[in-house]
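This briefing is meant for a reader who is meeting the structure for the first time. Please keep the sequence and the 3D view at hand while going through the points below.

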Amino acid sequence: CDETRFAVTLPEKHRGQPYRIAEPLLTPMAQCRYLSVPEDLSVYAPYCLVQKPGDLQTGKKLMTDENGLVYICDPTGTQIHVLGCTADAERVVIDFPAAESVLVADHAFAWHPGITSVKVVGNVKLSEKSFYGCHNLQEVWLDGHVEVGARCFMNCRALQQVTLTGKVTLQEQIYEDQSGVFRDCTGLLTLRIEEGTEVLPSMCFQNCVRLETIGWPASLHTVLTDSFHHCLGIKSIIYGGTLENWVAIDFDNRQSQPLHECGFASLIIGGEKLTDAVFGPEVTRIQPYALYNYRALRSVSVTAESATVGVDAFCTCRNLHTVQGMERLEDIEAGAFSFCVSLRRLSLGEGITHIGSVAFEGCTGLTEVYLPHTLESLGNTIFQGCEGLRKVTIEEVWEDYTSRVLGEDIDPEVIFYPEK
């Protein structure tokens, strides 16, 4: 169906009854996006805008621009409803400066074989699956107050570059299997997000296996579940904020953190690759997964009077050998330093009150540990797999819980109780 208009003649017996257009006639791959039907006819056509004579009396017009964009506008030109484009269109530009609102229909351009670039400017709402499956689409630029529906660009496998400028809002879906604005864009190489965007929804860039470079603004503070899951090729993240801003980002899980499968990537902050993290006195909490699996990290310095290290915050930082200010930590959550195999000594101060489960699991280089009497609660198997431990000093007697708390493979001979 390559035409933007066509007619369907119905037998008289169907008048006044619900009528279903046959699925093979109107599919997401068809270019027809507009149906004009009589007042007494009810039509099911999920990929088209259905209008009746009463609607046309409002003065709305069906129009096509020089790039083949098909849309309906009201007499004032302030309300635009984009339906799709002609079959030969290659470049989609949605830019209506005089419009108050622009709505792009569901599946408007879905499976279009010719589109190679998309530029959206202004106050625009892209509905669900608007560009789904455009296999020749190579570049997307969203500029302004653009609201992007779930799975809008999903499965655009030739897409190489995405630029988000201004306050772009990527929509979250209630059901996870319906999420992922740019999910399965397996050819994506460069993602550039400028100031304004604040949240990435679930599975937003999942399975973008060739993604290499990410430009990340300070305004982006929340990343939801699995946003960067299976992004295996990331080489650099260029961050526009400070280190303090980065460790305050709310990552929903480890798969939402872009470093989690690309530990050898470079995190660029202030124009330099982060290797030694010095946290100022205002940093009292390092968020979960903040530097998960970041292999370039060599040292950490905490200067706040008391601080909390979140779940898996430094997990698998294999080259992290020094943590200064460890005595200032009040709470070390589960897995915070697990598998940091280069750590050698651990001396906690009397401000520490809690250590979570497996907090130092797999720290095979750890040889000496000091646990003060101020500890109020302990998780399970904190030092499980720490095969190099030669001395564990415990000021409070937990003899009955040694294997549960420290780990079953800790040799009792290396545990020292000063009180005894």
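In what follows, two residues are in contact when heavy atoms of theirs lie within 4.5 Å. The model is a predicted one, and its protein chain has an average pLDDT of 86, with 83% of the residues scoring at least 70.

**Confidence along the chain**

- Over residues 1–5 the pLDDT stays under 50, and for this stretch the model has 13 contacts beyond four places in sequence.
- Residues 22–29 likewise keep a pLDDT under 50, and here the model has 18 contacts beyond four places in sequence.
- Where pLDDT is low, the predicted coordinates should not be read in detail.

**The nonpolar core**

- The largest nonpolar core comprises 119 residues, and those with the most contacts inside it are I94, F153, F314, F337 and F383.
- Leaving aside neighbours within four places in sequence, F337 is in contact with V309, F314, L320, V323, M326, L329, I332, L343, A359, F360 and C363.

- L297 is placed in the loop between β25 (285–286) and β26 (299–302), and it counts as buried because its relative accessibility is 0%, where buried requires a value under 20%.
- If residues up to four places away in sequence are not counted, L297 touches T275, A277, L291, F314, C317, N319 and L320.
- Although L297 and R318 are 21 residues apart along the chain, their C-alpha atoms are separated by 8.1 Å.
- F314 and L320, which L297 touches, are also among the contacts of F337.

**A three-stranded sheet**

- Three strands form an open sheet in the order β17-β19-β21, and their pairing is parallel.
- Because β17 (199–200) and β21 (250–251) stand at the edges and each has a single partner strand, one side of each is left without a neighbour in the sheet.
- Strand β19 (residues 222–223) is joined to β21 by two bridges, the two running parallel, and V223 stands opposite F251 in β21.

**Cysteines**

- The structure holds zero disulfides; C156, for instance, is in none, and the nearest cysteine sulfur, which belongs to C134, is 5.0 Å away, whereas a disulfide would need the two sulfur atoms within 2.5 Å.
- C262 is also in no disulfide, and its nearest cysteine sulfur, that of C231, is 7.3 Å away.
- C156 counts as buried because its relative accessibility is 0%, and C262 counts as buried because its relative accessibility is 6%.

Note on methods. Residues numbered from 1 in each chain as written. Predicted model: local features only at pLDDT ≥ 70, side-chain atom pairs only at ≥ 80, totals over all residues. Heavy atoms only, no water. Buried < 20%, exposed > 50% of the residue type's maximum accessible area, 1.4 Å probe, protein only. pLDDT = per-residue confidence, 0-100. Helix = DSSP H or I, 4+ residues; strand = E, 2+ residues; numbered from the N terminus. Core = buried A, V, L, I, M, F, W, Y, C linked by side-chain atoms within 4.5 Å. Pairing = 2+ DSSP bridges.
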